[in-house]
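Here is a short briefing on one protein chain. Keep the sequence and the coordinates open while reading.

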Amino acid sequence: MSEGAATDGEAKGDTGPAAAGMTADGSAEAPAAVPGAGMVADSDGAGGAQSRTADIMPGPGGVMTDEVGVVTGELTLRTEYADGKVTLRVQYKDADEWYAVTGGSVPLADPAGLDAVHAVAVALLHRPEG
């Protein structure tokens, strides 16, 4: 698209941006208002607390926790991100108490990695066939 074509579009009442976020000299344009931009599921903001949960059935050895030792049976795993750190917690399915998974806390610089960490934790702990 030529520069003239973008100008012609604006002259005909086109209110959309004429450039894809860049100006001719390479500097960034002013940000456009985009509905929903910056929203993060299960969070209180892009850098705030976030969590993911999944029901799991651990193998015969269960899951070791800091508070009560080994827990077995149907569990819910919660992977939490807050203050640059991921923490894994488990609870007996539909119970109120959550227990920290022993060794289940690690720094995470980018909260965008929460889904990947949660998927790995589920893959490691969910062993319905033993």
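Between which two strands does the loop with Asp83 lie? Asp83 sits in the loop that links strand 4 (75-82) to strand 5 (85-92). The model is a predicted one, so confidence comes up below, because low pLDDT means that predicted coordinates should not be read in detail.

**Overall make-up**
- The protein chain holds 2 helices and 6 strands.
- Read from the N terminus, the order of elements is α-β-β-β-β-β-β-α.
- Of the 130 residues in the protein chain, 26% are buried.
- The accessible surface of the protein chain is about 8300 Å². Carbon and sulfur atoms account for 55% of that surface.
- Take the contacts between residues at least 6 apart in sequence: 42% of them join residues at least 24 apart.

**Confidence**
- Mean pLDDT for the protein chain is 77. A value of 70 or more is reached by 64% of the residues.
- Residues 1-23 stay under 50 in pLDDT. The model gives residues 1-23 12 contacts beyond four places in sequence.
- Residues 27-45 also have pLDDT under 50. For residues 27-45 the model has 21 contacts beyond four places in sequence.

- Asp83 has a phi near 55°, which is positive although the residue is not glycine.
- Asp83 has a relative accessible area of 78%. Asp83 therefore counts as exposed, since the cut-off is over 50%.
- Asp94 has a phi near 70°, again a positive value in a residue other than glycine.
- Asp94 belongs to the loop between strand 5 and strand 6 (99-107).
- Asp94 is exposed because its relative accessibility, 68%, is over 50%.

- Thr79 is part of strand 4.
- Is Thr79 buried or exposed? Thr79 is buried, because its relative accessible area of 0% falls under the 20% cut-off.
- Which residue does the side chain of Thr79 join in a polar contact? The partner is the side chain of His118, at 2.6 Å.
- Beyond four places in sequence, the contacts of Thr79 include Gln50, Ser51 and Arg52. Val86, Thr87 and Leu88 are also among them. Leu114, Val117, His118 and Ala121 complete the list.

Key. Residues numbered from 1 in each chain as written. Predicted model: local features only at pLDDT ≥ 70, side-chain atom pairs only at ≥ 80, totals over all residues. Heavy atoms only, no water. Helix = DSSP H or I, 4+ residues; strand = E, 2+ residues; numbered from the N terminus. Buried < 20%, exposed > 50% of the residue type's maximum accessible area, 1.4 Å probe, protein only. Polar contact = N/O pair within 3.5 Å; in protein donor to acceptor, adjacent residues only side chain to side chain. Contact = heavy atoms within 4.5 Å. pLDDT = per-residue confidence, 0-100. Areas by Shrake-Rupley, 256 points an atom, 1.4 Å probe, with all protein chains shown as cover.
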